[in-house]
Amino acid sequence: MHGYAGKILTLDLSSGEKEIIALDETMIRRFLGGRGFVSSWLYENLPGRVDPLGHDNLLVFSSGPCNGTLVPSASRGSIGAKSPLTSIMGSGNTGSPFSVQLKRAGWDMVVLSGKARRPSYLFIDTGGVEVVGCEDLWGKETPDATFALRSRHGSRNVSIACIGPAGERQVPIATVIFDRFRAAGRGGIGAVMGSKNLKALVVKGSGGIQVAHPKSLKQEVLRFVQSLSEEPYYKRYSEEGTGVIVAPMHDMGCVLVKNGMSGDFESIRSLNADHLKKDWFIRQKACFSCPMPCTQQYGIREGTYRGAYGEGSAAASVIMGFGPRCGISDIKAVAKAYTLTNELGLDLISTNAVLAFGMECFEKGFIGTSDTGGIPLEFGHVPALLEMVSQIGMKKGFGAILGQGVKKAAELLGSGSERFAPHVKGMDMMEVDPRGFPSWGLMFAVSSRGADHVRAYDVSQIMPFSDEELVAIAGTPEVRDMFSPRGKGRSVAFFENIRAVADSMEVCRFVTRGKLGFPENLVGMLRAVTGLDFTVDQLYTIGERIVNVERLFNLRAGMTKAQDTLPERYLREPLPDGAAKGKTVPMAQMLEDYYKARDWSLISGFPSEEKLENLGLSLVGF
Amino acid sequence: MFWIFWIGTKFSVSSLRGVGPPGRRQCLCGEKLVLDKHGYRISSMKPKRHLFFDPFICSGCRSCELACSQANTGGYNPDLSTLRVLSHPDLGSHVVTILTKPCICKDGLESCVEMCHVSAIRFVDDSDVPSTLKQGRWLAAPLYD
């Protein structure tokens, strides 16, 4: 079986029972790998009403067919579980070589259930899996835990996924940190890992990966990289990282400023790429096997935050999140806050969402210093922000409330703060203001893991597509118009499908953000790797199947159609200033179009029977 | 190798007597030939080629390792690659390329260079070494066997 290790490992941490399951071709043809495997496994094996932090929740790590081959950017890996933050699917995708080493160790997927009796980590290699007690590592921050595990198991061919203090304390916005610098698992997968008494997974790969047609793969890869180098984003991302888009996005009016109270941040230029390069970046780095070095290795060389060091591909999220969203214009403070979230094992986006929400509550007088333990949680107050990040990670003080995510924090604080709590289905919203970017508003509303931009990553308004391409994507070239609701529903559905394919092949969605993400441009490499005769149409169907299986999982877990919406602020409160002044999100029409494009019921939100039949899916456990 | 080449030159299509007019020629595989007036090869000067890398351009993606292992062993296994890209285990920084054994590229394609998308490695002929070193940015990949 080319491109796959051919084995799935399941382990019950409570009893220590292991099972090795052979991967069958039907599963490959239906779900491809990576995210597809995670979603289908959770749908088929995890009942609807399981407690996310209980023994029965499943934690799944999966690699994809292209991991570890020359396919450009194929070093992503998927992770999933039922989310303690949203009670629907929680999942993530990371750019560390974890999944490459997992496959080299001989495993396509690792599925964990139960709870270890004492703090432990898993050591996985070709021989299988070993549960190792690690009371000495419990309590350590992610860099220290990673260093300690590296000194035990070596560094080359070893990849480490671990949780920090936040995951150990089961903070619902805790994430999993891979190889010190990379994160995955929005929706509190770190807390799920903590609930299983699992500090880390150490994977040591040693084998080689065989592909079906290496020569043809090489030709396909060279062709792909040639096309990539002609894309306008390639040069910008390679030289300046994703942070380069922050200022242009602000000028489009779609950056959240002060939790959405404004659309204009006057200090935005102090956060733009020139300053980043001067004050922050050390050099550009690439993920394993990726031609586009869009990750910045950064470090603060002087001043109060001297010594903060790390790397992160989510520079745009970092800057927009701790910058305009929290009212901070000091890029070094932003870097420091980001470093802290990684060290504590917190989800970057959720952390800056709850902080900005807390700041607005503070500004409006819903809370005061008596609630925050004396911390003046004002917009732009850097020491308060850093202290609060620590409190969230350590689950203490006011941080214990904010760490519940904005939805629960708003319920606890009351006073009408729910109206401006930025979440969908409990998932904290990322840093784009949907009033300035309505199709992203729709993406947030319908995403299978709650307010999230990477499930669809709809770029039909920001990439230079031709009219013909836009007709194929959305049915109308008018989709190019940022504020018209026309075509947005179909466009989001289209991009959700193709991102599901790329996520399942485990190639990066930044590299494939434009035309290169279309199955037409990926199918050649997939065929060369697997030797299977995939067609373009089959890939579109696989993408649709994955989105639908995630939808079914969520509906079975109790999600309703009414939750496919945005917080009231973005629907009714016009943006007071900025480039998108006066705009709100025209959700109703976009949502209706989306449901029609998906063939989902406008009343119940369920996929139609015909759609399920076409995709080969059935309602299990409803 | 020599015999295969000798037969190749002896029974070349262009001339039964040799491979062309006298002078220096370069074979497709990179080997430099000196031919006599009959077109016979009188000496072979396969230049020694050295791997150089630019530590500031290298992004640490390790595509070269994959390409090398695939070209020489048939599978993608960085452990079997002749060249290795090393970085600091904790800091993830300071990328250095080394060789674990002398290059043995079977197909002569130098796949590692072909697959380096940021042009951070190159092979340099013996005679070009001084000028390459003088540039300052290129370092010769050390052999650590």
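How much area is buried between chain A and chain B, and what share of it do carbon and sulfur atoms give? In this predicted model, local features need pLDDT of at least 70 and side-chain atom pairs count only at pLDDT 80 or more, while totals for chains, interfaces and linings use all residues. Residues are numbered from 1 along each chain as its sequence is written, chains are lettered from A and ligands numbered from 1 in the order in which they are written, and side-chain values use heavy atoms, with hydrogens and water left out.

The buried area comes to about 2800 Å², with 50% of it from carbon and sulfur atoms. Buried area here is the accessible area (1.4 Å probe) that two parts lose on being put together, summed over both. On the chain A side, A:Leu70, A:Arg156 and A:Arg283 lose the most area to chain B, and together they make up 25% of what that side buries. Counted by contact (heavy atoms within 4.5 Å), 37 residues of chain A and 34 residues of chain B take part.

Next come the rings. Over all chains there are 21 aromatic pairs. Rings of Phe, Tyr and Trp (its six-membered ring) pair if their centres lie within 6.5 Å; planes under 30 degrees apart count as stacked, over 60 as edge-to-face and the rest as tilted. A:Tyr457 and A:Phe510 make an edge-to-face pair, because their planes stand at 80°, with ring centres 5.6 Å apart. A:Tyr457 sits in the loop between helices H18 (438-446) and H19 (467-474) of chain A, and A:Phe510 in the loop between H20 (488-505) and H21 (519-530), so the pair ties together parts that are 53 residues apart in sequence. Helices (H or I, at least four residues) and strands (E, at least two) are DSSP runs, numbered from the N terminus. Both A:Tyr457 and A:Phe510 are buried, where buried means under 20% relative accessible area, exposed over 50% and partly exposed in between (1.4 Å probe, protein chains only).

The two residues also belong to one aromatic cluster with A:Tyr233, A:Tyr237, A:Phe437 and A:Trp440. Over the ring of A:Tyr233 sits the charged end of A:Arg513, 5.4 Å from the ring centre. A charge counts as over a ring if NZ of Lys or CZ of Arg is within 6 Å of the ring centre and within 35 degrees of the ring normal. A:Arg29 likewise lies over the face of A:Phe534, at 5.7 Å from the ring centre.

Now for the strands. Two strands pair if DSSP finds at least two bridges between them. In chain A, 6 of the 7 residues of strand S12 (198-204) are buried, so the strand is largely enclosed by the rest of the structure. S12(A) pairs with S7 (120-125) of chain A in the parallel sense over 5 bridges, and A:Leu198 is the bridge partner of A:Ser120. Strand S9 (158-162) of chain A runs antiparallel to S12(A), joined by 5 bridges, with A:Ser159 opposite A:Val203.

Chain B has an open sheet of 3 strands in the order S7-S4-S8, with antiparallel pairing. S7 (121-125) and S8 (139-140) of chain B each have a single partner strand, so one side of each is left without a neighbour in the sheet. S4 (49-53) of chain B pairs with S7(B) over 5 bridges, and B:His50 has B:Val124 as its bridge partner in S7(B).
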